[in-house]
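Good morning, and thank you for the time.

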Amino acid sequence: MDRAALLARLDEKAALDFLSAMARHKSYSETEGERVLAAFMAERMREIGIEAELQPVVGERVNAIGRWKGTGGGKSLLFNGHLDTNPATEGWTVDPWGGLVDKEFIYGIGVSNMKAGDAAYFCAVKTLIDAGVKLKGDVVLTYVVGELQGGVGTVAAIRSGVKADYFINSEPSDLQAITMHACAFTFVIELTGNTRHLSKREQAVDAIVAACDLIPRLNAMTFSGANSDEHRSINRVHVGVVRGALGKELHEWRAPQVADFARIKGSGRYAPGQTEAGAIADMRRELDALEARFPGLKATIRTEKEEGHRSMPAFEVARDARIVKTINAAYQEVRGEAQPTGAIAPPGFFGTDAGHFYAELGMEGIVCGPGGRYNTMPDERVEIVDYLAMIRIYMLCILDICEIA
C-alpha cells in the first residue's frame, strides 16, 4: 500500500471520538483522575495489540507506557506527552469535560495542552496497525503524569530504562517544528529601603519606587553568553508578583509610612549553552545598578523551587538532524508547504519534557504537536484540521524512522 493510501485510511470520526473520550476524563494534575486516564490509555493500547504497562511514578501516580515492537533492524521512535491538566477556570461557555466537537474545533480542558497530541500519536499507530503495516523499528508511546511538576513522570520513565533512537514530544506548537526551547527558573528579589513618615519622604529610601524602577528593566532583559541571536531570542524575564509595604511582614495598615520593603517574584528563561548561574549574575548586575540609583537601598536575589517540582532543562536539536528533516518532509507531504521550524515564540519560551530526553539521554528529538493558540484559556480548543493533519504527519514519521518491514 502506498503512502497516500495509508494516510487515506485514517478514520477521522473515530479519531475525534477518541480525543473526545480523553477530554471527558477530568485528569487534573496530582489527582486520581490522571491515574484513571493512564489506565484508560494502557487498556486502549492493549486493545490494538501494543504491549502496555502502568509504570509507578512518585506516590500513587502512574505513567502509561506502550511499545509496538518491530521485527528488528530499524530505528526506534518514541512519542511523549502528558496526561495531567491545569484546572478549568471561570469563563467557559461549554462543558470543560464534554468533549464537544463542532464543525471547526474540539473543546475541553487540556485538549490543547495536550490531549490532542496524545491522541494524535495513538491514532497514528492504530491506523498503521489496522492497515496491516509491520515495522522494523519499535514505536514507544509514553503517556506521562507530572509534567506540570517539571516532568517528574518523564524522568521516572527515563530512569526506568525507557528510551529510543529518536523522539517526538507532542506539546502544542500549532504543528510548528520547535528545535529549541528555554530552561526556566523562578527568582525572588527583596528590596530593603529606609522608612520615614510621608512628611519626611525626601529622607526615605522607598522600596516601592525602587521596585517600580526595576521591574521594566527586568522585563526587558536578555542574558549574556547566548550562542547565537536565535538562542538569545528565547531569553526572557517576567515579574509576576510584587508586594511592597512596611517590613518583611508587609504591614499594610500604616499607609502614611514610606514602604521600606518590597518582594518581587518572577520567572526567567535562558537558552541551551547559557546557565542559571549566569542569568542570576546578569540580574545581580542590574540590582547593583539599582542600588547605585537609590543610595541606601539593599537588594538581594535568590532562586526558588517548589517542593516536589523539578527543573525543566532547555532543549535543542540541529535543524539538519534526521528527526527534523523527517518531520519537515512529512509536514510538506501532508500540507503542501514548508513547515515553520526553529526557536519559534511562544513555544520557544515553554518548558517541555523534551528537555529531559535531551539532558538525561542526549536523544535527538523534536517538539511538534496540535493546539497552541487556544491553549490554557476558557473554551480551550484545537482546530480539527490541525489535529487530523498531525495524525497523518506522525504516521509518515513512523514510516520513515522505523521503516516498513
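Two residues are said here to be in contact when heavy atoms of theirs lie within 4.5 Å. Please also bear in mind that this is a predicted model.

With that term in hand, let us begin with helix H5, which spans residues 152–159. Of its 8 residues, 6 are buried, so the helix is largely enclosed by the rest of the structure. Which residues of H5 are the buried ones? They are Val152, Gly153, Thr154, Val155, Ala157 and Ile158. The cover over them includes strand S1 (51–56), strand S2 (62–68), strand S3 (77–82) and strand S5 (139–144), together with helix H10 (354–361).

Just after H5 comes Gly161, with a positive phi of about 110°.

I turn now to the nonpolar cores. The largest holds 84 residues, and the members that touch the most others are Leu77, Tyr387, Ile391 and Ile398. Helix H11, residues 384–402, supplies the largest share of this core, with 15 residues. There is also a second, separate core of 29 residues, which includes Cys183, Ala210, Leu290 and Leu297. To return to Ile391, its contacts beyond four places in sequence are Leu10, Ala15, Ala120, Cys123 and Ala124.

Two packed helices are described by the angle between their axes and the distance between the axes.

From H4, the contact draws on Ala116, Gly117, Ala119, Ala120, Tyr121, Cys123, Ala124, Val125, Thr127 and Leu128. From H11, it draws on Tyr387, Met390, Ile391, Tyr394, Met395, Ile398 and Leu399. The residues here comprise 15 nonpolar, 2 polar and no charged.

The other partner is helix H9, residues 322–335, which packs with H11 at an angle of about 130°, the axes being 9 Å apart. H9 and H11 are therefore oblique to each other, and their crossing is right-handed. The residues in this contact include Ile323, Ile327 and Arg335 of H9, and Val385, Arg392 and Ile401 of H11. What is the make-up of the contact of H9 with H11 by class? It has 11 nonpolar, 1 polar and 6 charged residues.

Ile366 is found in strand S15, residues 364–367. Is Ile366 buried or exposed? With a relative accessibility of 0%, Ile366 counts as buried.

For contrast in setting, consider Lys200, in the loop between strand S9 (183–192) and helix H6 (207–219). Lys200 has a relative accessible area of 40% and is therefore partly exposed. Lys200 and Glu32 are 168 residues apart in sequence, and their C-alpha atoms are 58 Å apart in space.

I close with several features of the backbone. A cis peptide bond, with omega about 0°, joins Asn113 and Met114, and Met114 lies in helix H4. A cis bond also runs from Ala345 to Pro346, with omega near 5°; Pro346 is in the loop between strand S14 (341–342) and H10.

Glu30 has a positive phi of about 65° although it is not a glycine. Glu30 sits in the loop between helix H2 (12–23) and helix H3 (32–47), and at 55% relative accessibility Glu30 counts as exposed. Thr376, likewise not a glycine, has a positive phi of about 45°. Its place is the loop between S15 and strand S16 (381–383), and with a relative accessible area of 48%, Thr376 is partly exposed.

Note on methods: Residues numbered from 1 in each chain as written. Predicted model: local features only at pLDDT ≥ 70, side-chain atom pairs only at ≥ 80, totals over all residues. Heavy atoms only, no water. Core = buried A, V, L, I, M, F, W, Y, C linked by side-chain atoms within 4.5 Å. Buried < 20%, exposed > 50% of the residue type's maximum accessible area, 1.4 Å probe, protein only. Helix = DSSP H or I, 4+ residues; strand = E, 2+ residues; numbered from the N terminus. Axes fitted to C-alpha atoms, helices over the stretch in contact; angles between N-to-C directions. Parallel < 35°, antiparallel > 145°, perpendicular 65-115°, else oblique. Left-handed = near helix turned anticlockwise from the far one by under 90°. Nonpolar A, V, L, I, M, F, W, Y, C, P; charged D, E, K, R; others polar.
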